[in-house]
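Q: I have a structure open and would like to go through its side-chain contacts with you. Could we begin with the rings and charges, please?

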Amino acid sequence: MAKKIHIVPHFHWDREWYFTTSRSKIYLMKDLGDVLNTLEKDPEFKYFMLDAQGSLLDDYIKWRPEDEARIKRLVQAHRLVIGPWYTQSDLMVISAESIVRNMYYGMKTCLKYGPYMNVGYVPDSFGMAGNMPQIYNAFGIKDTLFWRGVTNDMVKHTDYNWRGHDGSTVFVTQIPHGYYIGGNIPEDDEDAKKFWKNECLIKAGTGATDNIYFPNGFDQAPIRRNLVELVKKQQEADPENTYVISCIEDYIKDVKAAHPELEEVEGDYDALYLSPSVMHLKGDIESIVSAPVYVIDPLVYATNDFYTLIHTILSK
């Protein structure tokens, strides 16, 4: 059966992880600048996804305000794919309130430039919280794409439905081998032949339809400027299947159009592996994000209410 391979160009961006925040911003100036140049020069390079993080736009515009109009044009043409988050989060660590505000401020930020991607894209969270379908639905989101949490023994395919704690549901596409599986397409013909067969058709070809989601990107990685040529080259080498530069929303649309019978999972899903260093850092993060939600926020609201009460009394 012929397959349709959706090659989705993107980069995954850790504002502070491998690098300091300052160094990461320098890389962002170069990499996002190259994305803008490539999309403007090559109309066949249809899409590029900015890791669903509106904060990247804020960081970039602070340094290069002259590019704001360029970004708006590409976003409004649905070629530069942004949002809906403000930053990427580990959904099993931070509070529900933090998640809600992240989404709210992400959407608000993105609307300054144009429409945001209406998909809960979470490529690097260590597990999925069971209240996420409810949160997504509250924001009008019916689809999500993530990597870790659900394992092969739970579902047969990487397209399925997910029911949250309150009964809310979302459609899921899961990346079977990470957001970087298609990030290193070889230039050599023989190497490319093996790569497309093993990484794409076999490893990534686990969906519920004849569509394959194949992300092309990596952490803080520059845009693959000759991706259009590589895709055309592979199309010529494998005419039985169809290879297109695509986006998450186009992939989901094609999957749903095929009307597959979808399995359903329910509740929380933890990742099965965490390195000791990651566990230590995530514990620190949990402590940090608890303070604003459970201490600072209540104090702020209580203080505002107090001053409102005093003002009302004095004004009488």
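A: The charged end of arginine 148 sits over the ring of tryptophan 147, at 3.9 Å from the ring centre. Please bear in mind that this is a predicted model.

Q: Over the face of which other residue does arginine 148 lie?
A: Phenylalanine 126 is that residue, and arginine 148 is placed 3.9 Å from its ring centre.

Q: Which aromatic cluster includes Trp147?
A: Trp147 belongs to one cluster together with Tyr179, Tyr180 and Phe218.

Q: How many aromatic pairs does the structure hold?
A: There are 15 aromatic pairs in the structure. In one of them, tyrosine 104 and tyrosine 105 have ring centres 5.0 Å apart and planes at 75 degrees, so the pair is edge-to-face. The cut-off behind that label is an angle over 60 degrees.

Q: Are those two buried or exposed, or in between?
A: Tyrosine 104 is partly exposed, at 43% relative accessibility. Tyrosine 105 is partly exposed as well, at 43%.

Q: Changing topic: which residues have the most contacts inside the largest nonpolar core?
A: They are Trp85, Tyr121, Met132, Tyr136, Trp162, Tyr213 and Ile248, in a core of 41 residues.

Q: Which elements give two or more residues to this core?
A: The helices are α4 (96–110), α5 (132–138) and α8 (248–257), and the strands are β4 (120–122), β6 (143–146), β7 (159–163) and β8 (169–174). The largest share, four residues, comes from α8.

Q: And what does the second core include?
A: That core is separate and has 40 residues, among them Leu39, Ile185, Phe195 and Val228.

Q: Now the surface. Which residues form a nonpolar patch there?
A: Tyr294, Val295, Ile296, Leu299 and Val300 form such a patch, with about 500 Å² of accessible area together. Leucine 299 lies in helix α9, which spans residues 276–315. Leucine 299 counts as exposed because its relative accessibility is 53%, and the cut-off for exposed is over 50%.

Q: On to ion pairs. How many salt bridges does the count come to?
A: The count comes to 16 salt bridges. One of them joins the side chains of lysine 3 and aspartate 210, at 3.5 Å from N to O.

Q: Where in the chain are those two parts?
A: Lysine 3 is in the segment before β1 (4–9), and aspartate 210 is in the loop between α6 (189–204) and β9 (211–216). The pair links distant parts of the chain, 207 residues apart. Lysine 3 is partly exposed at 25% relative accessible area, and aspartate 210 is partly exposed at 30%.

Q: With which residue does glutamate 44 form a salt bridge?
A: Its partner is lysine 232, and the closest N and O atoms are 3.1 Å apart. Glutamate 44 lies in the loop between α1 (21–41) and β2 (48–49), whereas lysine 232 lies in helix α7 (residues 227–237), so the pair ties together parts 188 residues apart in sequence.

Q: What about glutamate 187 and arginine 224?
A: Their side chains meet in a salt bridge at 2.9 Å, N to O. Glutamate 187 is in the loop between β8 and α6 and arginine 224 in the loop between β9 and α7, so parts 37 residues apart in sequence are tied together. Glutamate 187 is partly exposed, at 45% relative accessible area.

Q: Finally, which residues do salt bridges that share partners join into one network?
A: That network consists of Glu40, Asp67 and Arg70.

Definitions and conventions
Residues are numbered from 1 along each chain as its sequence is written. This is a predicted model: local features need pLDDT of at least 70, side-chain atom pairs count only at pLDDT 80 or more; totals for chains, interfaces and linings use all residues. Side-chain values use heavy atoms; hydrogens and water are left out. A nonpolar core is a set of buried Ala, Val, Leu, Ile, Met, Phe, Trp, Tyr and Cys residues joined through side-chain atoms within 4.5 Å. Buried means under 20% relative accessible area, exposed over 50%, partly exposed in between (1.4 Å probe, protein chains only). Rings of Phe, Tyr and Trp (its six-membered ring) pair if their centres lie within 6.5 Å; planes under 30 degrees apart count as stacked, over 60 as edge-to-face and the rest as tilted. A charge sits over a ring if NZ of Lys or CZ of Arg is within 6 Å of the ring centre and within 35 degrees of the ring normal. Patches are made of residues with over 30% relative accessible area and no salt bridge: like charges are joined within 9 Å, nonpolar side chains (Val, Leu, Ile, Met, Phe, Trp, Tyr) within 5 Å. Accessible areas come from the Shrake-Rupley method with a 1.4 Å probe; for residues, only the protein chains shown count as cover. A salt bridge is a side-chain nitrogen of Lys or Arg within 4 Å of a carboxyl oxygen of Asp or Glu.
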